[in-house]
Amino acid sequence: MWRTLLAGAYEPTDWNDLAEIRARWNGPIILKGCVNPKDAAIAAGMGFDAIQASNHGGRQLDHMASPMDVLPEMVAAVDGRMEIIVDGGIRRGSDVIKALALGADSCAIGRPYLYGLAAAGEAGVAHVLKLFKAEMHRTMALLGVTSVAELKEGGRELIRHRRELFVPGPAESNQVAAAPEPELSLADMGTP
């Protein structure tokens, strides 16, 4: 198994395969591609050290939820048993601040640093990191916090998560709207 794994030809197919890897490897393991809170809880229970919440940039499954959309549920599901790294949808410093406020431990910034690298090499990457730092400081100032600890303490109260805008209220959640009666049926139309 190890030769296959190190050759890059091994693709785990189920939780049993991942449990076998965890049993054979005592070092840290980060599970990438997790966007389901139930899967995050399973990974935490199996002893993984972190999950990298990712929908792979929406390339393979463009209809999947973004990591940011399910982050609060993932944080609740792992309950501090592992770290959560958000890897998807992080395009600017304010995205990092949102992720941290929603409970992420850290963020990966795949595309932005690659854009900087492609544009100007090492200097381009340095510029992207400088932009991220400035955007993070500005966003924290606008939120009225001065540290990441203060940001995480304030959490969701500091930002308005877009999913919360569309959740029905208690009175609405138990009501099912009846379909309107059709004004004209096909039988009423007759045959030509």
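Trainee: At the start of α2, what does a side-chain oxygen of D14 reach?
Mentor: That oxygen of D14 comes to within 3.0 Å of the backbone nitrogen of N16, at the start of α2. Helices here are DSSP runs of H or I with at least four residues, strands are E runs of at least two, and both are numbered from the N terminus. This is a predicted model, in which local features need pLDDT of at least 70, side-chain atom pairs count only at pLDDT 80 or more, and totals for chains, interfaces and linings use all residues. Residues are numbered from 1 along each chain as its sequence is written, and side-chain values use heavy atoms, without hydrogens and water.

Trainee: Which residues of α2 are buried?
Mentor: In helix α2 (residues 15-24), they are D17, L18, I21 and R22. Buried means under 20% relative accessible area, exposed over 50%, and partly exposed in between (1.4 Å probe, protein chains only).

Trainee: Where do they fall, seen down the axis of α2?
Mentor: They fall within an arc of 140°, so they line one face of the helix. The arc is taken from the directions from the helix axis to the C-beta atoms.

Trainee: And what is on the other side of α2?
Mentor: N16 and A23 are exposed there. The cover of the buried residues includes β1 (30-32).

Trainee: Changing topic, where does D79 lie?
Mentor: D79 is in the loop between α4 (67-78) and β3 (83-86). Its phi is near 50°, a positive value in a residue other than glycine.

Trainee: Is D79 buried or exposed?
Mentor: D79 is exposed, with a relative accessible area of 63%.

Methods:
Contact means heavy atoms within 4.5 Å. A polar contact is a pair of N or O atoms within 3.5 Å; within protein, one must be able to donate a hydrogen and the other to accept it, and residues adjacent in sequence count only if both atoms are side-chain atoms.
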